[in-house]
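I opened a new page for this structure and wrote down what I looked up, entry by entry.

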Amino acid sequence: MHQYTIDQTFDRIKTRHYLIVVGLPGQVVSEVEQYKSQFFERFGYAEYVDSLAHISIARIVINEKYETQLIHNLTEALLSVEQFELEVSKFRVFINGPFKLLFLDVNQRPVANLHKVVNQKIVLSFPVIENYLKRMGHAHMTIAKIRDDQQFEQSWEYFKNIDYNRQFKVHKIKILAKDSPLLKWSLLANIPLAMAV
């Protein structure tokens, strides 16, 4: 008769969620969060109305043992990316099936370039369990994801008439992290972009 032993020392994978975003000036963050508050006060709750004001570059899930390597590799990759001017302007809407996304638009090219550099470094550096932004869609700052038609019509009637425009230089990106989808994001690292020559 064979005797079997079970090895209890296997390495359990501990994953973390990471959101890599454009480093925005405090004034812009504050203004966008005020618009989110206005939406809630006037039209009620909608998805993302209580989320942090940001422009996503990448969102991944990886084994947390790669966290230090993630910071190091992105710091290295961004040495070649110069600080750039970004414009946030105009309220717009995406309509995708049952929901409408109310957002502020941004100029696309510099964010798309940043996404390309960051995503290539991530994919080549370590195994990624989930990569939510493999392809860069239309860069934007979300105000709310709306499912109710009446809420959408009323809110769009209000926001489409607001004239918003801010231009600023992007000096850094931020890495946010959390242990579970249900938790809030917390700041893990600020990574500077290269000074323009």
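Entry 1, the largest pocket. I looked up which element gives the most to the lining of the largest pocket, and it is E6, with 3 residues. The model is a predicted one. I noted that about 1100 Å³ of space lies in this pocket. Of the 28 residues that line the pocket, Tyr48, His54, Ser56, Arg59 and Thr142 are the closest to its centre. Strand E2 (56-63), strand E3 (84-96), strand E4 (99-106) and strand E6 (140-146) are the elements that give two or more residues to the lining. I then sorted the lining of the largest pocket by class and wrote down 15 nonpolar, 8 polar and 5 charged residues.

How many cavities of 30 Å³ or more does the count come to? I found 1 cavity by this rule. About 40 Å³ of space lies in the largest cavity. I listed its lining as Val32, Lys36, Ser51, Leu52, Ala53, His54, Met141 and Thr142. By class, I have 4 nonpolar, 3 polar and 1 charged residues in that lining. H1 and E6 each supply at least two residues to the lining of the cavity. I marked His54 and Thr142 in my list, as they line the largest cavity and are also among the residues closest to the centre of the largest pocket.

Which residues touch the most other members of the largest nonpolar core? I wrote down Phe39 and Met141, out of 54 residues in this core. Helix H1 (residues 26-43) gives the most to the core, with 6 residues.

Leaving aside its neighbours within four places in sequence, I found Met141 in contact with Leu24, Val28, Val32, Ala53, His54, Ile55, Val88, Phe103, Leu104 and Val106.

Entry 5, the open sheet. I traced an open sheet of 5 strands in the order E5-E2-E1-E8-E9, with antiparallel pairing. Its edge strands are strand E5 (130-131) and strand E9 (186-192), and each pairs on one side only. Strands of a sheet pair through backbone hydrogen bonds. I looked at one pair: strand E1 (residues 15-22) and E2 run antiparallel and are joined by 7 bridges. Leu19 stands opposite Arg59 in E2.

Technical notes. Residues numbered from 1 in each chain as written. Predicted model: local features only at pLDDT ≥ 70, side-chain atom pairs only at ≥ 80, totals over all residues. Heavy atoms only, no water. 1 Å grid on protein atoms, 1.4 Å probe; cavity = no way out; pocket = protein on both sides within 12 Å on 5 of 7 lines; lining within 4 Å. Points joined across faces, edges and corners; volume = space filled by probe spheres on them. Helix = DSSP H or I, 4+ residues; strand = E, 2+ residues; numbered from the N terminus. Nonpolar A, V, L, I, M, F, W, Y, C, P; charged D, E, K, R; others polar. Core = buried A, V, L, I, M, F, W, Y, C linked by side-chain atoms within 4.5 Å. Buried < 20%, exposed > 50% of the residue type's maximum accessible area, 1.4 Å probe, protein only. Contact = heavy atoms within 4.5 Å. Pairing = 2+ DSSP bridges.
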